[in-house]
Amino acid sequence: MRTTFLFLLLLMFTVSLSHSQNLKRKGWLGVQFENLPAEEAQKLKLSQSGAVRVLRVIDGSSASDAGVKENDIITVCNGITITQTGELSEIASGFVSGEPLEIEILRNGRKITLTGKVQARPFEPAVNGEVIYGELPFLQGYIRTIVNKPEGEGPFPVVFYLQGYTCTSIDNMPPASAVKQMFEGLVAKGYAVFRMEKPGVGDTYNLPGCSEIDYETELNAFKKGLEHLQSLEFIDKSGIFLFGHSLGGIAAPLMAVENKPEGIIVYGTVVKPWAEYMMDIYRYQRQLMGMDFLRIETEARVLFPLLSDYLVHKKSPSELAENNPEYAAALASSLGFNNDGQILDRHYTFWQQLQDKNLTEAWKEAGTPTLAIYGEADIAAINPEGHKTIAAIVNAYHPDKGSFLLLPETDHGLLLTGTMDENLKLTETERWNKPFNHRIVDIIDQWMKEVMQ
């Protein structure tokens, strides 16, 4: 799957800053971009293995100031070669307002060097109620927290949104963002929504980069976020819910073991051990995309022992690639391994630690009301069986506390893309233009009200 990152500008805003701010506002890039498909990179005869294509540029952003345009292909940013979206995202996360910006691009096959200045990231506007920017002490630094709060003093029940695996900022998401629309819908119904950046993302200070940390560090940050959330005076302490989206659905039960919320909602997530899920992804996604069955099986027979050595036996990707040419090829093509020790844009130890998490045990120990939602067109979660299993696990140990729901015609990003087959036929641009499924707001609202009765 191609990964697309969003950095978008909003021109008018109403925002509050919590007291005693240690965090300063960082810069931003201001583009929507995607990995350049391998076949296009080959046609362009790039000097590197890949590049990033710009899908959209936002007026007033750093990219706009430098003269970046839609369909430009970014090959270098501030002297660093760009081969994939994660690298550009990592560079942009360290932008400081006012510093010089230099971007090398290909435009209609011609090399161009663009220059400008990094622009400060604007604050997020409040559509309903108020947006409160705060901060969370973590390790030797600080993490940015953001609360969408309804009008009034409260106390309000709250949804803690736990995002997926990428190191993309969830600050100031565009109005068209499905997640942003979900937040606004929940606030309109009287719920506060809490979110936080990952270590090393956005305004965070004095912390390692997100792509450098392991899973335990990320999980511990979210646990600290839950403690911080419970200290907010306008929050109803008996009405705290976790919403785990994608990989956030793994963090939710692990957090709930130690600090039980009122309930958990998960969407598009995983319950199998990570190595098994990766094999499912490899086989079933490629079948859905129409790849030759024998090719899938041949490559899977390399990937299976590779994942065992890497995830179960904890061998480093560098060691595996050095000693086995087939492993080296599979690591690069199927797992996005690079020379910085990253797999799928995260440090390789991130996935090894994730492999060790016993999610069946976590769901048993969490023991809280749970709603597992699967979108019919969610190719990342593959099929509804994992979510049915989550509900079954909860019910096996805590009768009547687990529920499963199938959300028709909805993809991993909460967009109405039609059936799985219809979703697979969409281009990236067509998919992003599909509408948010507002029904999920009503589903969450009704379920949480039932839990709180």
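Before anything else, my working rule: I call two cysteine sulfur atoms a disulfide if they lie within 2.5 Å. This is a predicted model, so local features need pLDDT of at least 70 and side-chain atom pairs count only at pLDDT 80 or more, while totals for chains, interfaces and linings use all residues. I number residues from 1 along each chain as its sequence is written, and side-chain values use heavy atoms, with hydrogens and water left out.

**Entry: cysteines**

How many disulfides does a search of the whole structure find? I get 1. Cys167 is joined to Cys210, S to S 2.1 Å. I looked up the torsion about the S-S bond of Cys167 and Cys210 too; it is about -75°, so I note the disulfide as left-handed.

Where do the two ends sit? Cys167 is in the loop between β13 (156-162) and α4 (178-188), and Cys210 is in the loop between β14 (192-196) and α5 (215-230). They are 43 residues apart, so I have the pair down as linking distant parts of the chain. My helices (H or I, at least four residues) and strands (E, at least two) are DSSP runs, numbered from the N terminus.

Buried or exposed, Cys167 and Cys210? Both are buried; for me that is under 20% relative accessible area, with exposed over 50% and partly exposed in between (1.4 Å probe, protein chains only).

**Entry: α6 on α12**

I took helix α6 (residues 248-258) and helix α12 (residues 359-366) next: their axes come within 8 Å and cross at roughly 50°. My axes are lines fitted to C-alpha atoms, for helices over the stretch in contact, and angles run from 0 to 180 degrees between N-to-C directions. α6 and α12 are therefore oblique to each other (under 35 degrees would be roughly parallel, over 145 roughly antiparallel, 65 to 115 roughly perpendicular, the rest oblique).

Contact here means heavy atoms within 4.5 Å. On the α6 side I list Gly249, Ile250, Pro253, Leu254, Ala256 and Val257, meeting Leu359, Ala362, Trp363, Glu365 and Ala366 in α12.

**Entry: α5 on α11**

α5 packs on helix α11 (residues 348-355) at an angle of about 70°, axes 7 Å apart. That makes α5 roughly perpendicular to α11. Tyr215, Glu216 and Glu218 in α5 meet Phe350, Gln353 and Leu354 in α11.
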